[in-house]
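Subject: The structure we talked about

Dear colleague,

Here is the structure I promised to hand over to you. Please open it and keep it in view while you read the notes that follow.

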There are 2 protein chains.
Amino acid sequence: MDRPRKPTLDTVAAAVGVSRATVSNAYNRPDQLSSALRERVLAAAATLGYAGPDPVARSLATRHSAAVGFLLGQQLSASFSDPALSIVLDGLASTVDGHDHCLVLMPGGDRGGPRPETVARAQADVVVAYSLPDDAPALEAVRARGLPMVVVDQPVLPGTARVEVDDAGGARLAAEHLLGLGHTRFGVLTFPLRPDGHTGLVSAARLAGGTFRVTRDRLTGYLSAIGDAPVWECSGSRRELARTGARELLGRSPRPTALLCASDELAFGALQAVRDLGLTVPRDVSVIGFDDVPAAEHADPPLTTVRQPLTDKGRRAGELALRLLDGGRPGDPIRVAVNLVERGSTALQE
Amino acid sequence: MDRPRKPTLDTVAAAVGVSRATVSNAYNRPDQLSSALRERVLAAAATLGYAGPDPVARSLATRHSAAVGFLLGQQLSASFSDPALSIVLDGLASTVDGHDHCLVLMPGGDRGGPRPETVARAQADVVVAYSLPDDAPALEAVRARGLPMVVVDQPVLPGTARVEVDDAGGARLAAEHLLGLGHTRFGVLTFPLRPDGHTGLVSAARLAGGTFRVTRDRLTGYLSAIGDAPVWECSGSRRELARTGARELLGRSPRPTALLCASDELAFGALQAVRDLGLTVPRDVSVIGFDDVPAAEHADPPLTTVRQPLTDKGRRAGELALRLLDGGRPGDPIRVAVNLVERGSTALQE
DNA sequence: GAGTGTCGCTGAAGCGCTTCAGAACGTCCA
DNA sequence: TGGACGTTCTGAAGCGCTTCAGCGACACTC
């Protein structure tokens, strides 16, 4: 069953009796031919069932592909359930989408980031990396291909554009807020330090050897202000995991009076855990988050948290990506600001 | 500033002193040359900084691109906050990722589905469409390009592979459950019938003219069992919108004793609305959802809902996509099963 | 009426790769 | 010894497009 061969530029050119260049121009540079001829070309294309220049061939000839690659540190499912990531991605998408670009998603497996083979085959001419572990093999694969890259929340890589957040500073802000309220006994809840599925209390060695920069920085920010405190690591930024972890932390004696969480998502789990134990936030336990996702404001009680401009981060990343796409230089890192948003989940500790 | 031209196959071939075909074989058909030579080629490539065959050129030559396109009915932001979509996408991704394929996301604008231009330029050789409106222009664009397509939750398109769910049957199951519990006064909460941002009560005409098949079917399922009932349409499947809508419905007199929601996400908003009014689920109001996303089980109270196997749906879509990629025929539609999961959000109505 | 533009179109090179039909050179068996 | 076969490598065609120099032809200008 040989289906009719797909029409190409040549097919159309032959049908109209013009050169191939002219048909190409009809699609790409309407000013290069008379509009009458252009109409004839387009009409012929329509009757022949020609849907326009083949994207792959066009990419080869023009040497760019109108696609932005996105390197994810986790599986797609985890990514999609992470509101912070979703918002960043949305900011990014809203920027690049307006320019007829597609997003090529390269999800990470368990090993922290996409497989290098996936990167090697992906048709994108700029790549955005987001919260990968420092040693993700995909980063090397991107470098090897010589693709321009913008890294968000990521280790400093030479030659890349960057969007940075002062995670440590933000975390310190949160810790100092609690200190100012008179808290002295803390528990810390965090998402992974390494992509190995670990759950439980974190040793100093593990903390120091963490490969997720964001995690390390937030924890460092917390601990540098409050001194030593038990840190519970969840294997993902999921509230159910945090609920379990928070119960562990609250079960220690003396019981912490404040829980510092590496993300809002974890803080939501902590709020639930406090309720589970018949305690009240913030009377018995203060809880503080990080990110300020939309749900933070609507939590019960509304969550005190460190705000980072997530949409903006994504948008900035998108703009940088577009700039690199145009052959621009990476330029200086863009730093976005963080600030503390005081709401109802933290209170004075008598 | 002319950066050194990127090495190509020829560069490597020249360096090693072999033909271009041999270098190509070193990457693609190791059995076609001695392993000693292969080693030399690969070593030369490494020192030259050659990262392997260019994906675009390779795609042009082989006429396939190892990418699966995904047509989204909504903007990326909405997509990422939709747990059901996320789970489907994850199932899909886990299937195609194992085969070194990437996912090319084509987000929809406000108009219901991606712009045709985006589709025309996307480098994918199979496309998965998910919950687009019946009349999405992107569908026509895919057809025009002659790309194979698998449609999920979608109108029947000739020549496409399909994954289907009995939405109407599932909804009827839910409605009959409530009827069996003695309920007689209902309210229905739904996500959009058309991609026009409408919020508020739904007229019969609007219902009949809805362009989202899933919405239409679920509502039809509900209403065919319970008879007439007020239907509130939210402009997205977001719990905050549902919370508002549910408050409206519960404000009517006589007050409904049961709320049927087109998705779990909407049901979560409904639960909140009931609480807002100082009422209790399920004593005062029963609430039922659709999808059975993971959070349904952990809701307060745990949500009675119609379960559809979301991950499985995505996986099936992925398998179909891979089959089409291999030149396979679409075959018969795959139907996945739905069933009622009774939990704590529904109860007898005295 | 020679010089200068502009407009509309074409020819041909080239983007970086795959692939297929051989060529060259053993090896093996009869 | 010679033919059949394998193995290893190569030459060249071709994937479908963009783009750039250039060519007529026609319209202006002084």
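A compact globule of 350 residues would have a radius of gyration near 20 Å, whereas chain A has 25 Å. Please keep in mind from the start that this is a predicted model. Taken along the principal axes, the box that the C-alpha atoms of chain A fill is roughly 90 × 45 × 35 Å. Chain A is divided into domain 1 (9–53), domain 2 (67–165 + 310–335) and domain 3 (167–308), and the centres of domain 1 and domain 2 of chain A, taken over C-alpha atoms, are separated by 37 Å. You will notice that domain 2 of chain A is written as two stretches, 67–165 and 310–335.

Within chain A there are 15 helices and 13 strands, and buried residues make up 53% of its 350 residues. If you take the contacts in chain A between residues at least 6 apart in sequence, 73% of them join residues at least 24 apart.

Which strands pair with strand 1 of chain A? One partner is strand 2 of chain A (residues 102–106), joined in the parallel sense over 5 bridges, and here Phe70(A) stands opposite Leu105(A). Another partner is strand 3 of chain A (residues 126–130), also parallel and over 5 bridges, where Leu71(A) stands opposite Ala129(A).

Further along chain A, 7 strands form an open sheet with mixed pairing, in the order 7-8-6-9-10-11-13. The edge strands of this sheet are strand 7 (200–201) and strand 13 (339–341) of chain A, each of which pairs on one side only. Inside that order, strand 10 (residues 286–291) and strand 11 (residues 304–307) of chain A run parallel and are joined by 4 bridges, with Thr304(A) in strand 11 as the bridge partner of Ile288(A).

Chain B also has an open sheet of 7 strands, with the order 7-8-6-9-10-11-13 and mixed pairing. Strand 7 (200–201) and strand 13 (339–341) of chain B stand at its edges with a single partner strand each, so one side of each is left without a neighbour in the sheet. Strand 7 of chain B runs antiparallel to strand 8 of chain B (residues 231–233), to which 2 bridges join it, and Gly200(B) has Glu233(B) as its bridge partner there.

Next, please turn to the place where the two protein chains meet. How many residues of chain A are in contact with chain B? There are 39 of them, in contact with 39 residues of chain B. Several elements of chain A each supply at least two residues to this side, including helix 5 (76–80), helix 7 (116–121) and helix 8 (137–145), while helix 6 of chain A gives the most, with 6 residues. By class, the side of chain A that touches chain B has 21 nonpolar, 10 polar and 8 charged residues.

Helix 2 and helix 4 of chain A, together with helix 2 and helix 4 of chain B, are the elements that give two or more residues to the surface near DNA strand D, and the largest share, 6 residues, comes from helix 2 of chain A. For DNA strand C, the nearest of the 26 residues around it are Leu33(A), Thr8(B), Leu9(B), Ser24(B) and Ala61(B). Here helix 2 of chain B gives the most, with 6 residues. By class, the surface near DNA strand C has 13 nonpolar, 9 polar and 4 charged residues.

With best wishes

Methods: Residues numbered from 1 in each chain as written. Chains lettered and ligands numbered in written order. Predicted model: local features only at pLDDT ≥ 70, side-chain atom pairs only at ≥ 80, totals over all residues. Pairing = 2+ DSSP bridges. Contact = placed C-beta atoms within 7 Å. Nonpolar A, V, L, I, M, F, W, Y, C, P; charged D, E, K, R; others polar. Rg over C-alpha atoms; globule rule 2.2 N^0.38 Å. Buried ≥ 20, exposed ≤ 12 C-beta atoms within 10 Å, placed from the backbone. Near = placed C-beta within 6 Å. Domains from an automatic or database assignment.
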